[in-house]
Each structure stands twice: as structure tokens, then as C-alpha cells.
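Please read the points below with the model open beside them.

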Amino acid sequence: MTKLIVQIVKWYQKSISAFRPATCRYTPTCSNYMLEAVEKFGMRGVLMGVARVLRCHPFVRGGFDPVPDHFSLRRNKNCK
């Protein structure tokens with residue numbers, strides 16, 4: 001199942017995201033965050049990626065927010 005998620009995200013990056021201007025407020029981008037989280041945590045990484053996309057809205061400050069070393073649905077507070 002994680003391979004399917006990775007394929008979907010990579011398809012999105014090549015087919016949709018490549019032709020749109022960069023709008024992600026975080027570094028790394030939300031799709032790269034999803035790939036790294038799935039690689040690190042498996043299916044729980046999908047939840048982390050979805051939580052990250054939901055945090056990405058016009059009223060958020062954004063900034064550097066890498067995938068944490070432990071599972072968490074919250075923003076990495078040590079990075080800004």
C-alpha cells in the first residue's frame with residue numbers, strides 16, 4: 001500500500017505540481033514531506049502528510065518543518 005501512495009505522490013509531482021507555481025509555505029514541500037514520512041513511518045506517514053497539507057493555509061507562518069524522528073501529527077516545534 002505504501003508503494004501505491006509513493007507512486008501517486010510522484011505522479012502528482014510530475015503531472016500536476018511541475019506545471020504550477022510553487023505555493024507551499026513549508027520547506028520541504030508538502031509532497032516531499034509526504035514521501036519522506038511514508039518512507040520513515042509507513043502508513044502512519046500518510047497521516048503525517050495529510051496533517052501537513054491541512055496545516056498549509058494562508059494564515060500559517062510556514063518555514064522549515066522536516067519530518068520528525070518520532071511519529072507526530074503536530075508541527076516540529078524545534079524548527080522555524
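1. D65 is buried, with a relative accessible area of 0%. Here buried means under 20% relative accessible area, exposed means over 50%, and partly exposed lies in between (1.4 Å probe, protein chains only). Accessible areas come from the Shrake-Rupley method with a 1.4 Å probe, and for residues only the protein chains shown count as cover.

2. The model is predicted: local features need pLDDT of at least 70, side-chain atom pairs count only at pLDDT 80 or more, and totals for chains, interfaces and linings use all residues. Residues are numbered from 1 along each chain as its sequence is written, and side-chain values use heavy atoms, with hydrogens and water left out.

3. Which residues form salt bridges with D65? One is R55, where the closest N and O atoms are 3.0 Å apart. This pair links distant parts of the chain, with D65 in the segment after β2 and R55 in helix α3, 10 residues apart. The other is R52, with the closest N and O atoms 3.9 Å apart. Because D65 lies in the segment after β2 and R52 in helix α3 (residues 43-55), this pair ties together parts that are 13 residues apart in sequence. A salt bridge is counted when a side-chain nitrogen of Lys or Arg is within 4 Å of a carboxyl oxygen of Asp or Glu.

4. R52 counts as buried, at 0% relative accessibility. R55 is buried, as is D65.

5. By the same rule, the count comes to three salt bridges. K40 forms one with D69, and the closest N and O atoms there are 3.3 Å apart. K40 lies in helix α2 and D69 in the segment after β2 (63-64), so the pair ties together parts that are 29 residues apart in sequence. K40 is partly exposed, at a relative accessible area of 38%, and D69 is exposed, at 71%.

6. Now the fold. The protein has three helices and two strands, which follow the pattern α-β-α-α-β along the sequence. Its radius of gyration is 12 Å, close to the 12 Å that the globule rule gives for 80 residues, so the protein is as compact as a globular protein of that length. That radius is taken over C-alpha atoms, and the rule is 2.2 Å times the number of residues to the power 0.38. Helices (H or I, at least four residues) and strands (E, at least two) are DSSP runs, numbered from the N terminus.

7. Along its principal axes, the C-alpha trace spans about 30 × 30 × 15 Å. Of the 80 residues, 38% are buried. The accessible surface comes to about 5700 Å², and carbon and sulfur atoms account for 60% of that area. Among contacts (heavy atoms within 4.5 Å) with a separation of 6 or more, 55% are between residues 24 or more positions apart.

8. Leaving aside neighbours within four places in sequence, V9 is in contact with S31, M34 and L35. The C-alpha atoms of V9 and M34 are separated by 7.8 Å, although these residues are 25 apart along the chain. S31 belongs to helix α2 (residues 30-41) and is buried at 13% relative accessibility. Residues up to four places away not counted, S31 touches V9, Y12 and Q13.

9. How many disulfides does the structure hold? There are zero, a disulfide being a pair of cysteine sulfur atoms within 2.5 Å. C24 is in no disulfide, and the nearest cysteine sulfur, that of C30, is 3.3 Å away. For C56 the closest cysteine sulfur is also in C30, at 4.1 Å, too far for a bond. C24 is partly exposed at 30% relative accessibility, and C56 is partly exposed at 25%.

10. L4 sits in helix α1 (residues 2-15) and counts as partly exposed, at 43% relative accessibility.
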